[in-house]
Amino acid sequence: RQQEAFIPARTDAWARIVPILEPQDNELVINKTTYGTFTSTGLDHTLRNLGIKTLVIGGVVTNVCVETTARDASDLGYGVMLVGDACAAHSPEIHEASLLSFQGPFGRVRRADEIVALIEQAASDVA
């Protein structure tokens, strides 16, 4: 039996942002209604207008929303880094399989500390 897709309404408790991650007043919020963020939003247009060429992606569920968004971003020409330790799936095996299939053809998989170091290095190169 095929399982029904489930994306909760914005008003549903399941769709709420975890309090510690709530956006600041000056941050953009993109409300998606599909597994891949690019399909149901104007995110691509927004990112291109901002001149953004590289995306750092994390979230849940690794093999569903995260991987779909990351692969779509790659197909759209963005450089993509998937934050392996900032994603989660329903099992460690599914999580790892998703990271392995993404690595290489679609982008890079890095740990959060590696990405922070890359950002700090880039900032010091600009200064």
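Is isoleucine 20 buried or exposed? Isoleucine 20 counts as exposed because its relative accessibility is 76%; exposed stands for over 50% relative accessible area, buried for under 20%, and partly exposed for values in between (1.4 Å probe, protein chains only). The structure is a predicted model, in which local features need pLDDT of at least 70 and side-chain atom pairs count only at pLDDT 80 or more, while totals for chains, interfaces and linings use all residues. Residues are numbered from 1 along each chain as its sequence is written, and side-chain values use heavy atoms, with hydrogens and water left out.

**Annotated region**

- The UniProt record, an unreviewed entry, places the feature "domain: Isochorismatase-like" at residues 12-113. UniProt positions follow the numbering used here, feature names are shortened, and annotations may be inferred rather than shown by experiment.
- Helices (H or I, at least four residues) and strands (E, at least two) are DSSP runs, numbered from the N terminus.

**The segment before α1**

- Isoleucine 17 lies in the segment before α1, and isoleucine 20 lies in the segment before α1 as well.
- Isoleucine 17 is partly exposed because its relative accessibility is 41%.
- Ile17, Val18, Ile20 and Leu21 make a nonpolar surface patch of about 440 Å². Patches consist of residues with over 30% relative accessible area and no salt bridge; like charges are joined within 9 Å, and nonpolar side chains (Val, Leu, Ile, Met, Phe, Trp, Tyr) within 5 Å.
- Accessible areas come from the Shrake-Rupley method with a 1.4 Å probe, and for residues only the protein chains shown count as cover.
- Isoleucine 20 and leucine 43 are 23 residues apart along the chain, and their C-alpha atoms are separated by 23 Å.

**The largest nonpolar core**

- The largest nonpolar core has 15 residues, of which Phe38, Leu55, Ile57, Tyr78, Val80 and Leu82 touch the most other members. At least two residues of this core come from each of α1 (43-50), β1 (54-60), α2 (62-75), β2 (79-88) and α3 (92-102).
- A nonpolar core is a set of buried Ala, Val, Leu, Ile, Met, Phe, Trp, Tyr and Cys residues joined through side-chain atoms within 4.5 Å.
- Not counting residues up to four places away in sequence, valine 80 touches Leu55, Ile57, Ala70, Ala73, Ser74, Phe102, Phe106, Gly107 and Arg108. Contact means heavy atoms within 4.5 Å.

- Serine 74 belongs to helix α2 and is buried, with a relative accessible area of 18%.
- With neighbours within four places in sequence left aside, serine 74 is in contact with Val80, Pro105 and Phe106.
- Valine 109 is part of strand β3 (residues 108-110) and counts as buried at 18% relative accessibility.
- With neighbours within four places left aside, the contacts of valine 109 are Leu82, Gly84, Leu99, Phe102 and Gln103.
- Between valine 109 and phenylalanine 38, the C-alpha to C-alpha distance is 20 Å, and the two are 71 residues apart in sequence.

**Salt bridges**

- The whole structure holds four salt bridges; such a bridge is a side-chain nitrogen of Lys or Arg within 4 Å of a carboxyl oxygen of Asp or Glu.
- In one of them, the side chains of aspartate 44 and arginine 48 meet at 2.8 Å, N to O. These two residues are separated by about one helical turn because they are four residues apart in helix α1.
- Aspartate 44 is partly exposed at 22% relative accessible area, and arginine 48 is partly exposed at 43%.
- Glutamate 67 and arginine 71 also form a salt bridge (2.8 Å, N to O). Both lie in helix α2, four residues apart, or about one turn of the helix.
- Glutamate 67 is buried, with a relative accessible area of 10%, whereas arginine 71 is partly exposed at 27% relative accessibility.
- Glutamate 114 forms a salt bridge with arginine 111, with the closest N and O atoms 3.6 Å apart. Arg111, Asp113 and Glu114 are linked in a network of salt bridges.

**A cis peptide bond**

- The peptide bond from valine 60 to valine 61 is cis, with omega near -5°. Valine 61 is found in the loop between β1 and α2.
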